[in-house]
Amino acid sequence: TIQGLKDCEEYTLYVYNRWGTKVYKASGTDLAWDGRAQGSNNRLRSGTYFYKLEGPKGFHQEGTVEIMR
């Protein structure tokens, strides 16, 4: 869960693997990532992924998320 988001505002979420390859991008007011690569039904491997979140008024946040199986 990414803390500090406001439901009514639009954000763009980017998720990258450990090599810096973008594996997911979504925009909107209800962002959810289920651990799958963009356009794929296959779940990504367990590990650490990095996210970048951009929002209104220059909002920018980065962090990590773990996938555990």
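Thr 12 sits in strand S1, which covers residues 11-16; strands (E, at least two residues) and helices (H or I, at least four) are DSSP runs, numbered from the N terminus. The model is predicted, so local features need pLDDT of at least 70 and side-chain atom pairs count only at pLDDT 80 or more, while totals for chains, interfaces and linings use all residues. Residues are numbered from 1 along each chain as its sequence is written, and side-chain values use heavy atoms, with hydrogens and water left out.

**The chain as a whole**

- The protein chain has zero helices and four strands, and its elements run β-β-β-β from the N terminus.
- The C-alpha trace spans about 35 × 20 × 20 Å along its principal axes.
- Of the 69 residues, 23% count as buried (buried is under 20% relative accessible area, exposed is over 50%, and partly exposed is in between, with a 1.4 Å probe and protein chains only).
- Among contacts with a separation of 6 or more, 33% join residues 24 or more positions apart; contact means heavy atoms within 4.5 Å.

- Thr 12 counts as buried because its relative accessibility is 16%.
- The side chains of Thr 12 and Ser 27 are joined by a polar contact of 3.1 Å (a pair of N or O atoms within 3.5 Å; within protein, one must be able to donate a hydrogen and the other to accept it, and residues adjacent in sequence count only if both atoms are side-chain atoms).
- Apart from neighbours within four places in sequence, Thr 12 is in contact with Lys 25, Ala 26, Ser 27, Leu 31, Lys 52, Leu 53 and Glu 54.

**The loop between S1 and S2**

- Asn 17 is in the loop between S1 and strand S2 (22-28), and Arg 18 is found in the loop between S1 and S2.
- Asn 17 is buried because its relative accessibility is 14%, whereas Arg 18 is exposed because its relative accessible area is 62%.
- A polar atom of the Asn 17 side chain lies 2.9 Å from the backbone nitrogen of Trp 19.
- With neighbours within four places in sequence set aside, Asn 17 is in contact with Val 23, Tyr 49 and Phe 50.
- Under that exclusion of neighbours within four places, Arg 18 is in contact with Thr 48 and Phe 50.
- Arg 18 and Tyr 49 are 31 residues apart in sequence, and their C-alpha atoms are 6.2 Å apart in space.

**The loop between S2 and S3**

- Arg 43 lies in the loop between S2 and S3 and is partly exposed, at 45% relative accessibility.
- A polar atom of the Arg 43 side chain lies 2.6 Å from the backbone oxygen of Asp 34.
- Not counting residues up to four places away in sequence, Arg 43 touches Asp 34, Gly 35, Arg 36 and Arg 69.

**The loop between S3 and S4**

- Lys 57 is in the loop between strand S3 (47-54) and strand S4 (60-67).
- Lys 57 is not a glycine, yet it has a positive phi of about 55 degrees.
- Lys 57 is exposed because its relative accessible area is 88%.
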